[in-house]
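Visitor: I have a model open and want to learn how to read it. Where do we begin?

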Amino acid sequence: MSRGQSYFITLIRNPSRQNHSNTPQIRTLTVEPSSRGSTEPKSDDEHQALSYTEMAKTVSTIIRERHRWQQTLVSDFPSFNFADPLFFRQMLTLQNNNNNNVMFSLCFFRWLCSSFDYKPDPVSLNLLFGALLDAKAVKAAKSFLDTTGFKFNPEATLLERYVKCLCEDGLVDEGIRVYTLLKESGTVPSVQTCNSVLLGCLKVRKLDLFWELHKEMKESEADLERIQCLIHALCDGGEVSEGYELLKKVLRQGLDPGHAVYARLVSSFCKIGNYACMSEILHTMIAWNHFPSIYTYQEIIKGLCKNQKQREAFCVFNDLKERGYAPDRVVYTTMIHGLCEMGWFGSARKLWFEMIGKGMRPNEFTYNVMIHAHLKRGEVVLARELYGEMLRNGYGETTVSCNTMITGFCSYGRADQALEIFKKMSETGVKPDAITYNALVQGFCKENKVEKGISLFKELKALGLKPSDRTYAAFQKMRDLKMPDSVAASLNEILESVTHKTVTLG
């Protein structure tokens, strides 16, 4: 079946492996009346409904509890007509009402199709398809549509639900395909279906497709959910100010776009360093009874620290605690890092112990922040102790943690100790990167150990890694040093290569 074919699906039916056309079939089972005092006779339809209900319960139990349920059904009920569409509907109804796994119904359906001369009617097919959608079994629903061996025209409402499920599950391309086929067949998708497609595009970050589909939709159909989608899309595309203008327009109409929209705008303005607008939205958010979450405050603190506003971040952090919020490990780590960058190591250490006192175990990044701060202050012994504590607490050596130590040692004239860590990296399977090599080369050059620096530089180049500008600058400073002719020749070759590269690019 081609991908572009509509959902008026025609598939080839499997040849029947078992045919009961010449076998006497029992359409009803004898069921005792529930009330012995009743003498009113039941009609044939009532008897059949009762018998199919009881039989459906029995079959459901067998499917659920027996590994080889197919053989059990055939051997225990050799003359029962399992292929009767009325019985299959009863099975579906029973399993849906009892919240049973819809996959049992799907397995039973496939068994009927492969073992009997079963021709399901549209009602049964729609019921099963709807049950799969109710269970959010999107992939099973898709497989059902792709492999059903009969003409099947799902109801438009079911296909709209299918579009929503596909987009929620990340199968956006397939969701858009079904959405397009719905429109081509003359169905006007509901506003909710259109919004589902737009949300799907946002989920997989397909902004071009988002705006293309949005243009096709009527502006008159826009609801609050559509507005939320638009603001998120504007933020994703870097048009945060436009998103804020849209928020203002919505608020003037007396509509509340919800907590997620405010939080997203706050986060987006933090990233671009527009704290005036961020503050405005924060106050508006609170005025509309949407109190910022700890995650929103984390984004604010992170943004402030990133834009060299650690003092403001620290004020927000302290205000956060005064308001009764409980900062988590991520917020503490972000603030500790910001304070260390600002040189407020005493305040950073205080937060470190405060975090531990509240039962929050430092993670690898928190350790690395503090180790780097100790090394920056020349406190090599304390840095080593903290590094050992990190390893004892179960955080294995990583490229990041090793680089922290190597960079710190090299910065304070301890390149040989940094080299020890570097050698240990290969022993423990930790892969060095460009930062590792550049730090070592610069460290050895700083100590006038040019030969070791050149050797590491050659390793860096052989691995296809990129030397930094600082590495070339470090070699440049070594040019006037006395050194063996072979070392001087290698140094000149390195410097000439970068000079040639600069001229060529120029």
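Visitor: Is C194 buried or exposed?

Guide: First, keep in mind that this model is predicted. Buried means under 20% relative accessible area. C194 has 3% relative accessibility, so C194 counts as buried.

Visitor: How does C107 read on that scale?

Guide: The middle class runs between the buried cut-off and the exposed one, which is over 50%. C107 has a relative accessible area of 39%, so C107 is partly exposed.

Visitor: How many disulfides does the structure hold?

Guide: The test is a pair of cysteine sulfur atoms within 2.5 Å. Here the count is zero.

Visitor: Now the backbone. What should I expect of phi?

Guide: Most residues other than glycine have a negative phi. K136 has a positive phi, near 60°. N289 also has a positive value, near 65°.

Visitor: Where do K136 and N289 lie?

Guide: K136 sits in the loop between helix 5 (122-134) and helix 6 (138-147). N289 belongs to the loop between helix 14 (275-287) and helix 15. K136 has 51% relative accessibility, so K136 counts as exposed. N289 is exposed too, with a relative accessible area of 60%.

Visitor: Where is K302 placed?

Guide: K302 is in helix 15, residues 294-306.

Note on methods: Residues are numbered from 1 along each chain as its sequence is written. This is a predicted model: local features need pLDDT of at least 70, side-chain atom pairs count only at pLDDT 80 or more; totals for chains, interfaces and linings use all residues. Side-chain values use heavy atoms; hydrogens and water are left out. Helices (H or I, at least four residues) and strands (E, at least two) are DSSP runs, numbered from the N terminus. Buried means under 20% relative accessible area, exposed over 50%, partly exposed in between (1.4 Å probe, protein chains only).
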